[in-house]
Amino acid sequence: MDLDALAGCLSSSACLVTQTTSGIIIGMLLFLVAVGLTLIFGVLKVVNFSHGAFYMFGAYFAMTAYHLTESFALAMLAGAAGTAILGLIFERVFMSRVYGADVLMQLLVCYAFVLIFDDVVRIIWGPEFKSMGMPAAFQVMPLFIAGGVVPPYYLLLIGIALVAAIVLGIGLSRSRIGKVIRAAAHNPSMVSALGINTGLIYGGVFALGGMLAGLAGALAAPVRSLTPGMGFSVLIESFIVTVIGGMGSILGALIGALLLGLIRSFGSLGFPLFTEGLMYLFMVIVLVSKPTGLFGKEAA
């Protein structure tokens, strides 16, 4: 415990800006992963324990595309589109066969593919750490806000995550396809009776969830090391985010992810040996006070 370091940071505008920015970055990446996880659970009623693997593949797809083309835009597209296609194939070939099955069966299938996907990454890209590197366009002087250092790439990452949150929120609440997805989540048999292909909806939602996780991995690739198994820690934290925010809530995923990111950022200063514990402690406090999560709804 180092409360002096935490107090010193809180009293310094430079440290406060730097740590807050770092926490927001962590939170935005977690949001992109967690919102895909909560969408899949909300519609398909499947706890996708393999979701972190799509984050990992997104990072590796983006790195490979960037090294081949030296285009950051194409790298982001490769990370998102590649994992969307992978998610659709995974859902149609494997997950669709365990819908309605016991939760343990679903978890076993997902966990099996966590191990399979990690080994696939080792075979294709090797077991050693990889690095995409910061794109040349962002290798510029950082911004200085109240004495704090903010790299321009961080602002892009935050902006992309916010746009994703807005598009998802508006799309699910106001568009026709969003209404169909919400209807399929509540009463799939009724949607099927209306002549709508629920299998197509399920596959699309799973692909969307995979795309969001892959986009998070692609955005993380320039600032984080890539290694097989890198998706597991993100998966655990994403589950914490969905529990804190409330299953099925996009706003809850956003708020929960930001809170968790700030806890990690400032907790590493004041409680360097208990940072992980702080996240779980916060989750317990939220669940004790509101079992459905901050924005979750009681089951009818």
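## Helices α2 and α6

A crossing of two helices is left-handed if the near helix is turned anticlockwise from the far one by less than a right angle, and right-handed if clockwise. In this predicted model, α2 passes α6 in a left-handed crossing. Helices here are DSSP runs (H or I, at least four residues), numbered from the N terminus. Helix α2 covers residues 13-44 and helix α6 residues 152-174; their axes lie 10 Å apart, at an angle of about 30°. That angle makes α2 roughly parallel to α6, a label for angles under 35 degrees. Axes are lines fitted to C-alpha atoms, for helices over the stretch in contact, and angles run from 0 to 180 degrees between N-to-C directions.

Contact means heavy atoms within 4.5 Å. On the α2 side, the contact is made by Thr21, Ile24, Ile25, Met28, Leu29, Phe31, Leu32, Val35 and Leu39. The α6 side supplies Tyr154, Leu157, Ile158, Ala161, Leu162, Ala164, Ala165, Leu168 and Leu172. By class, the contact of α2 with α6 has 17 nonpolar residues, one polar and no charged. Ala, Val, Leu, Ile, Met, Phe, Trp, Tyr, Cys and Pro count as nonpolar, Asp, Glu, Lys and Arg as charged, and the others, Gly among them, as polar.

## Helices α10 and α12

Helix α10 (residues 231-245) and helix α12 (residues 275-289) cross at roughly 25°, and their axes come within 9 Å. This makes α10 roughly parallel to α12. The crossing of α10 past α12 is left-handed.

From α10, the contact takes Ile236, Glu237, Ile240, Val243 and Ile244. From α12, the contact residues are Glu276, Met279, Tyr280, Phe282, Met283, Val286 and Leu287. The contact of α10 with α12 divides into ten nonpolar, no polar and two charged residues.

## Cysteines

A disulfide is a pair of cysteine sulfur atoms within 2.5 Å, and by this rule the model has one disulfide. It joins Cys9 to Cys15, with 2.1 Å from S to S. The angle about the S-S bond is -100°, and the link of Cys9 and Cys15 is left-handed.

Buried means under 20% relative accessible area, exposed over 50%, and partly exposed in between (1.4 Å probe, protein chains only). Cys9 is buried because its relative accessible area is 2%. Cys15, at 24%, is partly exposed. Cys110 has 0% relative accessibility, so Cys110 counts as buried.

## Basis of the values

Residues are numbered from 1 along each chain as its sequence is written, and side-chain values use heavy atoms, leaving out hydrogens and water. Local features need pLDDT of at least 70 and side-chain atom pairs count only at pLDDT 80 or more, while totals for chains, interfaces and linings use all residues.

Terms used:
Helices (H or I, at least four residues) and strands (E, at least two) are DSSP runs, numbered from the N terminus. Angles under 35 degrees count as roughly parallel, over 145 as roughly antiparallel, 65 to 115 as roughly perpendicular and the rest as oblique.
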